[in-house]
Amino acid sequence: MRDDWGRLLAALIATLRDFQLAEDCLQDALTSALDHWPRGVPQNPQGWLMQVARRKAIDRLRRSKALDQKLPDVAVLMEMDRADSEADAAHEIPDERLRLIFTACHPALDEKTQVALTLRTLCGLTTGEIAQAFLDQDTAMAQRLVRAKQKIAKAGIPFEVPQKDDWGPRLNSVLTVIYLIFNEGYSADNADLMAEAIRLADLLDDLRGDEPETMGLIALMKLTRSRASARVDGAGVTVPLDQQDRRLWDHQLASDGRDLVSAALRRGRPGPFQLQAAIAALHSEAAGFEDTGWHEIVLIYDRLCEFTANPVVRLNRAVALSYLVSPADALDAVNALEGDLGQYQSFHAARADLLRRMQHWPEACWAYMRAIELSRNMSDRAFLQQRLDCAKKEAEQKLGPSPTGRMKRSNAKASSL
């Protein structure tokens with residue numbers, strides 16, 4: 001149901017004008033589905049859920065202490081329910097997701113809250129998944145989401161796509177949300193979610209075609225998606241970029257992405273998404289991994305760091321530096337980020353790879369184990385496990401059996417001093 005969550009919830013919010021009520025009623029409808037669907041799934045599951053959710057809303061509003069104020073809303077919902085019943089709930093659910101994004105990304109909310117709220121409402125990510133994406137505690141993220149919904153209700157923030165002149169304060173958050181939706185699809189190998197993110201960005205571009213950052217985002221997503229067919233092997237194991245069969249890439253999609261980022265950069269207003277797309281374009285242009293323009297990539301990362309203090313950008317720059325200069329130079333830069341990224345899976349995976357390339361086998365083993373522990377993606381876990389097994393064999397050949405066990409004893413001894 002995650003793929004349908006955003007569309008269903010957006011349609012409910014458009015009707016109820018209440019984020020929390022809509023989410024509670026949709027959750028109630030899903031609970032009802034668990035009770036009823038084992039006896040037979042309805043012909044139109046989405047329509048069934050919408051109808052049940054609206055009926056749950058009617059019940060909640062009737063029990064409300066402010067029933068007198070809610071009577072007009074109850075009347076509207078009952079009329080919609082009658083219409084659904086006559087049509088057997090088979091009508092098309094309106095797509096209100098773009099309105100939902102702009103509402104959640106209202107400038108009255110801080111940017112982190114905007115992104116978190118949209119991931120919860122549009123993508124159906126759990127509070128724990130969102131907290132992990134932001135490297136936050138679950139309880140802190142839950143409180144943030146509750147406060148955001150309360151603020152939208154109290155401030156009477158309208159559920160609408162703003163006029164173009166008012167896009168400025170919200171556009172970056174909207175683009176960030178769309179990119180996170182895409183990344184969720186890419187990580188889960190979900191083609192529908194990736195396509196949905198590109199569709200939303202295309203819709204933004206149609207509404208306002210003079211914004212180079214929107215073009216940059218579309219280019220970045222197309223360039224990234226062009227590699228999707230080569231990133232997992234037949235056994236379901238992630239294939240790193242340096243080992244991918246580039247013949248499997250979608251070269252037409254990559255060409256479209258390169259053309260789009262070139263057109264965006266010619267507008268003379270570079271931004272983070274355009275620069276990330278330029279890096280992806282350099283990867284797509286290289287005939288092989290060894291032909292990658294690492295010097296240009298590091299320079300673009302330097303420019304990107306001027307736009308954002310995001311430590312993930314600095315981590316990616318360090319990885320690029322490892323191929324331009326050396327893994328040792330990059331390792332110093334990566335280690336300096338541990339305070340910011342200690343709970344971030346890619347930090348430990350990158351560190352493990354640098355240690356592997358430097359043949360620091362015991363340390364590489366520890367880093368791989370930590371990366372596996374933090375990984376949510378089974379394909380990534382399988383790849384990291386393969387690398388860990390190889391690192392253990394190398395360590396045993398050079399240092400004797402059970403290097404990780406020896407390190408545990410060493411750490412235990414150190415901690416007792």
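Mentor: Setting aside neighbours within four places in sequence, Thr103 touches Phe19, Ile152, Ile157, Pro158, Phe159, Glu160 and Arg170, where contact means heavy atoms within 4.5 Å. Keep in mind that this is a predicted model, where local features need pLDDT of at least 70 and side-chain atom pairs count only at pLDDT 80 or more, while totals for chains, interfaces and linings use all residues. Residues are numbered from 1 along each chain as its sequence is written, and side-chain values use heavy atoms, leaving out hydrogens and water.

Trainee: Why is Thr103 called buried?

Mentor: Its relative accessible area is 1%, and buried means under 20% (exposed is over 50%, partly exposed in between, with a 1.4 Å probe and protein chains only). Thr103 is therefore buried.

Trainee: Which helix holds Thr103?

Mentor: Helix H5, residues 97-104; a helix here is a DSSP run of H or I with at least four residues, numbered from the N terminus.

Trainee: What makes the pair of Thr103 and Arg99 a polar contact?

Mentor: A polar atom of the Thr103 side chain lies 2.8 Å from the backbone oxygen of Arg99. The term asks for N or O atoms within 3.5 Å, one able to donate a hydrogen and the other to accept it, and residues adjacent in sequence count only if both atoms are side-chain atoms. The 2.8 Å value is within that limit.

Trainee: Which residues lie closest to the centre of the second largest pocket?

Mentor: Of the 15 lining residues, they are Arg17, Asp18, Phe19, Ile152 and Ala153. Phe19 and Ile152 are also among the contacts of Thr103.

Trainee: What makes a residue part of a lining?

Mentor: An atom within 4 Å of a pocket point; a pocket is an open set on a 1 Å grid over the protein atoms alone, where a 1.4 Å probe fits, with protein on both sides within 12 Å along at least five of seven lines. H8 gives the most to this lining, with five residues.

Notes
Helices (H or I, at least four residues) and strands (E, at least two) are DSSP runs, numbered from the N terminus.
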